[in-house]
Amino acid sequence: MVKKLFRVFNRPNWLNLRIVNPISAVFGLDRGLPIDRFFIENFLEENSDYIKGTVLEVQDSYYSRKFAKSESVFEVIHYSNENNKATIVGDLTNTQTLPKTTIDCFICTQTLNFIYDVKSAISGIHYVLKDDGVALVTVAGLSQISRYDMDRWGDYWRFTDLSILKLFEEVFGKGNVKIEYYGNVLAAVSFLHGLASEELTRGELLFKDNNYQILICVVAKKCSA
């Protein structure tokens, strides 16, 4: 209710976006559901049949619990022991710190942008999956810098559907990686200004223009040995 009232009394002036400061500098979190989070939830809902068994997620198990279709075991990975929700403390870029072939589904959202050695991290994702396990991954294509992440561990990368496809195919093999994307120019301008998903229609959000890839999504399957 607070965010709805905030949107009502702080409406964007669509006729004059010639301003140098964003309407919200925190991805629209203060106005509602951020546009990239709307896309992430749409992607996970469409691929929820994969979310079962032992499900691993970074930071917390929010999406695992929201989208799992059947009774599952929820694991959380964090790179240090500072996160009391973590059941696995490990570094995706160092397989010696990771459990091998224990995960049926790895939900890895908005994480690879913040890891410098991204190729090793993708190998880490592959390493923890069981044979026939699936990784559901999202990365940012168009986005402001995340100051929270930049000031702690770094904000390094923005991807395209082509770059993330090649990176994952090098690890999972050709034919085992499916790429999707979300975004268009209106959604991109709105996202960069920090508008919330509630301020656009569903049709405006889900219209796709591959020249404006806000969010890129990966479904990567680990083949049986």
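Which residues does S224 touch, not counting residues up to four places away in sequence? S224 touches D131 and D132, where contact means heavy atoms within 4.5 Å.

The model is predicted: local features need pLDDT of at least 70, side-chain atom pairs count only at pLDDT 80 or more, and totals for chains, interfaces and linings use all residues. Residues are numbered from 1 along each chain as its sequence is written, and side-chain values use heavy atoms, with hydrogens and water left out.

S224 lies in the segment after β7 (215-221); helices (H or I, at least four residues) and strands (E, at least two) are DSSP runs, numbered from the N terminus. With a relative accessible area of 46%, S224 is partly exposed. That class falls between buried (under 20% relative accessible area) and exposed (over 50%), for a 1.4 Å probe and protein chains only.

Helix α4 (residues 118-128) has V118, A121, I122, G124, I125 and V128 buried. These buried residues fall within an arc of 155° seen down the axis of α4, so they line one face of the helix; the arc is that of the directions from the helix axis to the C-beta atoms. Their cover includes β1 (53-58), β4 (103-109), β5 (129-140) and α6 (161-172).

D149 touches F114 and G154, not counting residues up to four places away in sequence.

| Pair | Separation |
|---|---|
| S224 and G124, C-alpha atoms | 17 Å |
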